[in-house]
Amino acid sequence: MENLKKPNISKKKKEQLSKNILETLKKKKECEKKALDIVIELIEGGLEEADLLNKLHLINPCYYEDVVEERFILKQCGYVMCEKKLEYIPNQKYKISLAHNKVYDITERKKFCSNICFKNSKYLQNQLLTTPLWLREKDTVPTFKLLNVQENTENDNTYHLHTIPDGHTKSSTPLITVPTPSNTKTDLEEQLKDLLTLKTNR
């Protein structure tokens, strides 16, 4: 059996290939550094709208998630255009709404000071490009926009989270829709017990 011959690549081609790889790695490193610098700026906040929109093409959704998480750790509203502090943060992951017969997962929602900021932030994040940072060209950059939800949308119960007098909350994105028989309240109480048991056993 004849030995397989390796393709004959000229010295010039090898040098060009090595050069291209080094240039790509250098560009990747530069793009990642820019992205990290922007992440720090977004965590600190205080950016003007135009300045923010001009920087968004240099990050991706993962970097934006890091911003939201870091601001949450600092007890700052996760929306980068908001300067409010998070005064009340629920410890629970789930909330049950007896009024709407649903179990809600508030993991993401509790990182924001209001329903408005949660919607604005998600709208912004969903516009971010997912392509590798170092492969983006200027002519492919979209025009980013802020949603700017108004105060009168606060009554939208889909993402609503607020503190009520007894210290409990109603909240966020629905996780489970619960049927409504005559003993709905009992069923919901049982479901809450199951959730608490599951959390305790982890």
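**Reading salt bridges, helices and hairpins**

Q: How many salt bridges does the count come to here?

A: Five salt bridges, where a side-chain nitrogen of Lys or Arg has to sit within 4 Å of a carboxyl oxygen of Asp or Glu. One thing to keep in mind as we go: this is a predicted model.

Q: Okay, show me one. Which residue does D37 meet in a salt bridge?

A: K33: their side chains come to 3.3 Å, N to O. Here's the general idea behind a pair like that: an α-helix has 3.6 residues a turn, so residues three or four places apart point the same way. Now the case: D37 and K33 both lie in helix α1, four residues apart, or about one turn.

Q: Is K33 buried or exposed?

A: To read that, look at relative accessible area: under 20% is buried, over 50% is exposed, and in between is partly exposed. K33 has 54%, so it counts as exposed. D37, at 35%, is partly exposed.

Q: Which residue pairs with E41?

A: K55, with 3.4 Å from N to O. E41 belongs to helix α1 and K55 to helix α2, so this pair ties together parts that are 14 residues apart in sequence. Try the cut-offs again: E41 has 26% and is therefore partly exposed, while K55 has 18% and so counts as buried.

Q: How far apart are the closest N and O atoms of K111 and E108?

A: They're 3.4 Å apart, in another salt bridge.

Q: Helix α1 keeps coming up. What span does it reach?

A: You can check a helix by its span, first C-alpha to last, against 1.5 Å a residue. Helix α1 covers residues 11–44, which is 34 residues, and reaches 50 Å, close to the 50 Å expected. Just after it, G45 takes a positive phi of about 75 degrees.

Q: Which residues of α1 are buried?

A: C31, A35, I38, V39, L42 and I43. What covers them includes α2 (49–55) and α3 (61–73).

Q: And which residues form a nonpolar patch on the surface?

A: L17, I21, L22 and L25, with about 410 Å² of accessible area together. L25 has its place in helix α1, the helix that also holds buried residues such as V39.

Q: How do the strands β1 and β2 run?

A: Look for the bridges that join two strands, then for their direction. Strand β1 (residues 94–97) and strand β2 (residues 102–105) are joined by four bridges and run antiparallel. For example, S97 stands opposite K102 in β2. This hairpin has four residues between the strands, and N101 takes a positive phi near 55 degrees.

Q: Let's zoom out. How many helices and strands are there in the protein?

A: Five helices and five strands. Reading from the N terminus, they go α-α-α-β-β-α-β-β-β-α.

Q: What share of the protein's residues is buried?

A: 34% of its 202 residues. The accessible surface comes to about 13,900 Å², and 54% of that belongs to carbon and sulfur atoms.

Notes
Residues are numbered from 1 along each chain as its sequence is written. This is a predicted model: local features need pLDDT of at least 70, side-chain atom pairs count only at pLDDT 80 or more; totals for chains, interfaces and linings use all residues. Side-chain values use heavy atoms; hydrogens and water are left out. The expected span of a helix is 1.5 Å times one less than its number of residues. Buried means under 20% relative accessible area, exposed over 50%, partly exposed in between (1.4 Å probe, protein chains only). Contact means heavy atoms within 4.5 Å. Patches are made of residues with over 30% relative accessible area and no salt bridge: like charges are joined within 9 Å, nonpolar side chains (Val, Leu, Ile, Met, Phe, Trp, Tyr) within 5 Å. Accessible areas come from the Shrake-Rupley method with a 1.4 Å probe; for residues, only the protein chains shown count as cover. Two strands pair if DSSP finds at least two bridges between them.
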